[in-house]
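Let's take a look at how charged side chains pair up in a protein. Have the sequence and the 3D view open as you read.

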Amino acid sequence: MADILVVAELAEGKVKKATHSAITFARQVAQGTGGSFSILLVGAGAAGAAAEVAGFGAKALLVADSAALANYTAERFAPTVIEAAKGFQVVVGTATSIGKDMLPRVAAALNAGYANDISAVHVDGAKLVYKRPMFAGNAFGYCSVSTPVQVVSVRQSEFTPAEPTGGASPSQAIPVAAPAPGADRVEFVSFDQVKTARPALTDAKVVVAGGRALKEKFNEVLEPLADTFGAAIGASRAACDAGYAPSDYQVGQTGKIVAPQLYFAVGISGAIQHLAGMKGSKVIVAINKDGEAPIFQVADYGLVADLFQAVPELARAAQAAKG
Amino acid sequence: MKILVPLKRVADPDNANKVKIPAGGATIDTTGLEWKPNPFDEYALEAALRLTENGASPKARQGEVVVVSFGPKDMEPTLRSALATGADRAIRVDAKDDQLDGALVARALKALIEKEKPDYVLMGKQAVDGDSNQVGQMLAQLLGWPQATFAATIQEEAGALLVGREVDGGVLTLRVKGPAIVTVDLRIVAPTSVFSKSTARTFKYNDGVRFAPLPAIMAAKKKPLAEVKLSELTSDTALRVEYVKFEPPPGRQAGVKVKDVGDLVHRLKNDAKVL
C-alpha cells in the first residue's frame, strides 16, 4: 500500500494544468497498491486554488498559504513540502521548471531516491517500476527506488490529465515551514514573462515549430499557420540560439517535451536532440527544402519545398479546408 | 573567487542514437561511442572561466577554478582537457560508472566541497546520458546552500551573482550570494551571457566554449591532478535508484512524401483527420 502526496504547482493563484498529470500518476499508484493520495498546495493564494482540485478523489488537501510565498524559490517552498511529505511513501510533482528545481531537494532531504521525468509507472506487487527516457530519448530505462520514500516527477505529455470525479476532498491548513538554511542568500529579483495569447507549448493540441532557416521571418511565416490551428509556436535550438525565437520556445531534449496531436516542423533538420522533444507527437508534418533532412525519417507527411512559399500557402489552404 | 566545477564524461551525445541495447535489455551498450565531456558541464566550465577573468585579457585568472570528476583512471584525459582550457587543478574521485547514482555523487561532492570551500559550484543542469537533472539541487539541499538552476546569464555584482534562469514562460532572475550552487543551461555560453566584475559590460565573447591552444595543452600536463577515493568522501555507497531493464524507443516509420501543399491538406483532412 502506498500513500502518495501530489505536489500541486500554482501560477498566479491557479493550479497549473501539469498538476492534473501528476494526479493521474497518483490515481494509478493508489489503485495499484490499494493506497490513497493527498494533494499539497503551497504558495500565496493556495487556499483559493484548493477548490480547483477538491473534486479529484484526494483523501485530503493540505494547504500552506502565506503571502510571504508570493514568488517561488526552492529554499522557501521545499521545506514545507519536506515537512508535509512525512507519512507518505511517494511524493510526486511535475517535470516543469519548478518541479525540476525543487523535487531533487525534497528527495535529498528525505534521503529518498528520485526518478525524474518519468513517462510511465508499473505497479509490480509492492514495488513501483518507473519508465523514463534517457540518452535524448534513444533509450528507455526502467528503474525502481529502494528507499522507504520515493520522489518522482512526471512528464506531462505522457500522463493524460486527470478529470474530476466529483465529491469534495476535505481541506486542512498546514503551517509554512521555516526557510532552508541559505535562504537569506537568495533573493527573487524579477520574472520576465513571455506574453502570448497562444496555448502553452506543453498543453497545445497543435504545435507549429520553426528552425533556423526561417531567419528574421520566423514569426511572419509561422504565425498565420499557428493562427489557423490555434497552435502554440515552438522552435529548434538553432533558431533560439540564433535569436530568431525566444529561448522559451525551444523544443527538445533540453527544452520543452511536447506530444501534441499535430506537429509541424518547418525548416527543422531534425537533430536527435530536437527529435527527443517531439517524436511522441501523434502526427508529424515536416516541411523542408532538403529532402535528405533526418526530420523526414520521423515525419508522417513530408513536403520538400521552399518553406517561404509553402507555409503561407498551407495556412490559406488549411483555413479553407476547415471551412 | 574560487569556483568548483563537477564534470561528467558521457558517451558522445551527438551519436546518442547509436547506443545499443542488447537482447534482454540488461544494459545500455555505448561501445564504439567516444567519451565526451557532458556538454552542460563544459558550459559550466566556460562560465566559471568567464567569471574568474577579465574577458579582454583571459590569460590572467582572477581566482581559482577546480574541476572534479567521478570515474576510473581512463577518464583523466577529460580532466586534462579541462585543465588545458584554463582550469587550475583537477580532482578525480576514483569510482566505476555503474557504482554511482545522482544521490551518491551529491553526497560525495558535499564532503569534497566542505573541504575545498569554493565560493560557488557551477555545473551543468543535467548530464545528457541519464537526463536526470538532480545533482546540483540535491547538493544545495545537503550543504544548506542556496541554488540558482538553469542559468542562461550570470553577472557578478557587489559580492553576489545576478542569475537569469530559463523557466517555463520566461526568464526568472535571482540574486544569489555565495557559497551557492549554480546549474547552467545551454545559452550560458552566448557572447554576452556571463560577466565577471572586471569584464566590461560592452565586451563580447566568442559564441560557445573556448578551445585550448597547443601550448596550453602541453602546460596542462603539469597542472595538478589529484586522486581521491570515493570511500574517503562517503561511507554510504548504496544506490538509491536501480535500473532493472532498458529498451529502445518504439520505432517511428517514415511516412509519405506529399507532392504539394494541396496533397498535404487533403491527407491531413482525409487520412489523419486532423483538419
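Which residue forms a salt bridge with Glu227(B)? The partner is Lys229(B), and the closest N and O atoms of the two are 3.4 Å apart. Keep in mind that this is a predicted model. Across all chains, a search of the whole structure turns up 37 salt bridges, and here we'll zoom in on a few of them.

**The Glu227(B) pair and its network**
- Glu227(B) counts as partly exposed because its relative accessibility is 41%, which falls between the 20% and 50% cut-offs.
- Lys229(B) is partly exposed too, with a relative accessibility of 41%.
- Salt bridges with shared partners link Glu227(B) and Lys229(B) into one network with Lys73(B), Glu76(B), Arg92(B) and Asp94(B).

**Glu76(B) and Lys73(B)**
- Glu76(B) makes a salt bridge with Lys73(B), at 3.4 Å from N to O.
- Glu76(B) has a relative accessibility of 16%, so it counts as buried, the cut-off being under 20%.
- Lys73(B), on the other hand, is exposed, with a relative accessible area of 53%.

**Glu76(B) and Arg92(B)**
- Glu76(B) also forms a salt bridge with Arg92(B), and here the closest N and O atoms are 3.0 Å apart.
- Because Glu76(B) sits in helix 2 (residues 76-85) of chain B and Arg92(B) in strand 5 (residues 89-94) of chain B, this pair ties together parts that are 16 residues apart in sequence.
- Both Glu76(B) and Arg92(B) are buried.

Methods: Residues are numbered from 1 along each chain as its sequence is written. Chains are lettered from A and ligands numbered from 1 in the order in which they are written. This is a predicted model: local features need pLDDT of at least 70, side-chain atom pairs count only at pLDDT 80 or more; totals for chains, interfaces and linings use all residues. Side-chain values use heavy atoms; hydrogens and water are left out. A salt bridge is a side-chain nitrogen of Lys or Arg within 4 Å of a carboxyl oxygen of Asp or Glu. Buried means under 20% relative accessible area, exposed over 50%, partly exposed in between (1.4 Å probe, protein chains only). Helices (H or I, at least four residues) and strands (E, at least two) are DSSP runs, numbered from the N terminus.
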